[in-house]
Amino acid sequence: MGFLDLFIVALMPVLKILLVTAVGLLLGTERIDLLGANARQILNRIVFFVFSPSLIISNLADTITLDSLATLWFMLLNILLTFLIGTALAWILIKITRTPQHLRGLVIGCCSAGNLPLIIIPAVCEEENSPFGDSSVCSTDGETYAALSMAVGAVYIWTYTYPIMRIYANKKTEEIVIDGSSNGDNNSRESSHLYSEIDTEALLPSKGCPSSEEYVDQAEVPSTGSEGKAKVTLLEKTKLQLKMTIGHIDFQKLFAPSTIAAIFGFIIGLVSPIRKILIGDDAPLRAVYSSVSLIGDAAIPCMTLIIGANLLRGLRGSGVGPLIILGVIAIRYIIMPSLGIVIVKAANHFGMVGSDSLFQFTLMLQYALPPAMNVGTISQLLEAGQSESSVILLWTYATAALALTLWSTIFMLIVA
């Protein structure tokens with residue numbers, strides 16, 4: 001197939017997403033106001049707690065088996081690599097642009113966490129000139145890859161990206177507290193109130209827990225010699241660092257509905273007796289699975305509408321600099337896709353990835369995605385960089401229309 005034919009195949013799914021996103025943008029305007037702030041919040045909660053978990057559990061339970069899992073293990077590593085590489089590139093961008101403290105977590109989140117729209121891969125399979133063979137088989141496999149990517153990505157976002165963004169948000173809060181404490185007695189009362197809020201937000205509080213400096217001082221207990229003292233200090237420092245790291249993990253967010261749904265989906269798919277009860281034409285509880293699958297079908301259009309409505313805030317602008325926006329776009333749509341081709345081809349060369357061209361296409365596509373919308377959700381939860389996240393997401397998603405189409409075409413040329 002020629003470049004133009006593959007370009008049209010890659011363009012169709014992106015156009016579908018853009019059209020639904022445009023509808024969400026229109027519904028979120030003040031004139032129509034069907035997806036205003038309150039409506040978005042309610043719909044977002046329904047998607048978060050009902051639609052998205054139903055979609056994940058139905059797709060994983062139906063498609064994940066021991067045989068398929070043996071061939072899909074590299075996807076878990078591949079997604080982790082996208083997070084790590086994105087973080088490293090974001091740190092370089094922060095140093096070059098001298099990004100303000102309160103935006104550093106947002107920049108890292110936008111560069112590390114990608115959003116794979118579930119509609120893209122199945123839609124590519126349904127095109128007449130698709131290079132991935134039979135459309136029914138391709139669609140089934142594509143849904144498996146997309147669902148697994150979404151489930152694993154959700155786990156990484158809440159266990160990796162969220163703690164990083166929370167650390168920088170807390171640093172900004174502490175700076176406000178320190179600045180406010182120098183203004184007088186009234187401000188000092190406000191500062192102490194903010195301090196108490198920071199303390200109550202600790203994820204793993206321990207009564208009477210000393211500060212890091214006190215902890216180190218206490219570690220230096222008398223011993224028989226200087227070596228023993230040094231060993232104790234090093235051990236206590238290690239324990240303290242481990243506690244601080246674990247303390248920034250919100251286990252309530254870690255075990256979000258999507259994560260729990262992924263766990264149950266894996267259990268149903270991998271445990272044959274449970275699978276036979278729920279899935280199949282002769283399964284006694286097939287109505288339960290069909291109902292969950294029916295609810296999950298609403299996830300994709302609702303999430304896409306929410307994306308469009310949320311991007312409306314970015315049109316109002318904010319204080320984020322153009323160099324930061326251009327840097328994020330360059331990382332997500334130039335550097336990472338190029339590295340993704342090298343990584344996937346190297347994995348294929350060493351036998352870590354099978355010969356399935358659709359699987360290789362999915363792996364490469366994970367490096368060329370726009371930032372995850374959960375980054376905007378996290379910024380709202382932390383109340384840090386909310387307007388800035390809307391601006392960055394607006395420009396990155398606008399650029400994705402062309403970038404994602406071009407890279408999808410290039411990826412298909414490579415694997416086809």
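**Exercise 1. The second largest cavity**

How much space lies in the second largest cavity, and which residues line it?

*Solution.* The structure is a predicted model, in which local features need pLDDT of at least 70 and side-chain atom pairs count only at pLDDT 80 or more, while totals for chains, interfaces and linings use all residues. Residues are numbered from 1 along each chain as its sequence is written, and side-chain values use heavy atoms, with hydrogens and water left out.

Step 1. On a 1 Å grid over the protein atoms alone, a cavity is a set of points where a 1.4 Å probe fits but cannot get out, and lining residues have an atom within 4 Å of a point. Grid points are joined across faces, edges and corners, and a volume is the space filled by probe spheres set on the points.

Step 2. Read the volume. The second largest cavity holds about 30 Å³ of space.

Step 3. List the lining. The residues are Ala-10, Pro-13, Val-14, Ile-120, Val-124, Phe-361 and Ser-408. Two elements give two or more residues each, namely helix H1 (3–27) and helix H5 (120–126); helices here are DSSP runs (H or I, at least four residues), numbered from the N terminus. H1 gives the most, with three residues.

Step 4. Classify the lining. Six residues are nonpolar, one is polar and none is charged. In this scheme Ala, Val, Leu, Ile, Met, Phe, Trp, Tyr, Cys and Pro count as nonpolar, Asp, Glu, Lys and Arg as charged, and the others, Gly among them, as polar.

**Exercise 2. A lining residue in its surroundings**

*Solution.* Step 1. Pro-13 lies in helix H1. Step 2. Step 3. Leaving aside neighbours within four places in sequence, Pro-13 is in contact (heavy atoms within 4.5 Å) with Ile-120, Ala-123 and Val-124. Step 4. The C-alpha atoms of Pro-13 and Ile-120 are separated by 5.2 Å, although these residues are 107 apart along the chain.

**Exercise 3. The largest cavity**

*Solution.* Step 1. The count comes to two cavities of 30 Å³ or more, and the largest has a volume of about 50 Å³. Step 2. Its lining consists of His-102, Gly-105, Leu-106, Met-165, Tyr-168, Ala-169, Ser-379, Leu-382 and Ala-384. Step 3. Step 4. By class, this lining has six nonpolar, three polar and no charged residues.

**Exercise 4. A helix pair**

Determine the packing geometry of helices H15 and H16.

*Solution.* Step 1. Two packed helices are described by the angle between their axes and the distance between the axes. Step 2. The axes of H15 (residues 322–349) and H16 (residues 357–365) come within 9 Å and cross at roughly 145°. The axes are lines fitted to C-alpha atoms, for helices over the stretch in contact, and angles run from 0 to 180 degrees between N-to-C directions. Step 3. The crossing is right-handed; a crossing is left-handed if the near helix is turned anticlockwise from the far one by less than a right angle, and right-handed if clockwise. Step 4. H15 contributes Gly-340, Ile-341, Val-344, Lys-345 and Asn-348 to the contact, and H16 contributes Gln-360, Leu-363 and Met-364. By class, there are four nonpolar, three polar and one charged residues.

**Exercise 5. Positive phi**

Where are Asp-33 and Arg-98 found?

*Solution.* Step 1. Most residues other than glycine have a negative phi. Step 2. Asp-33, not a glycine, has a positive phi of about 60° and sits in the loop between H1 and helix H2 (37–63). With a relative accessibility of 46%, Asp-33 is partly exposed. Step 3. Arg-98, also not a glycine, has a positive phi of about 55° and belongs to the loop between helix H3 (66–97) and H4. Arg-98 is exposed, at 73% relative accessible area.

**Exercise 6. Contacts across the sequence**

Which residues does Thr-409 contact, leaving aside its neighbours within four places in sequence?

*Solution.* Step 1. Thr-409 lies in helix H18 (residues 386–415) and is buried, with a relative accessible area of 0%. Step 2. Its contacts are Phe-3, Leu-6, Phe-7 and Ala-10. Step 3. Thr-409 and Val-9 are 400 residues apart in sequence and 7.9 Å apart in space, C-alpha to C-alpha. Step 4. For the chain, among contacts between residues at least 6 apart in sequence, 82% join residues at least 24 apart.

Definitions and conventions. 1 Å grid on protein atoms, 1.4 Å probe; cavity = no way out; pocket = protein on both sides within 12 Å on 5 of 7 lines; lining within 4 Å. Buried < 20%, exposed > 50% of the residue type's maximum accessible area, 1.4 Å probe, protein only.
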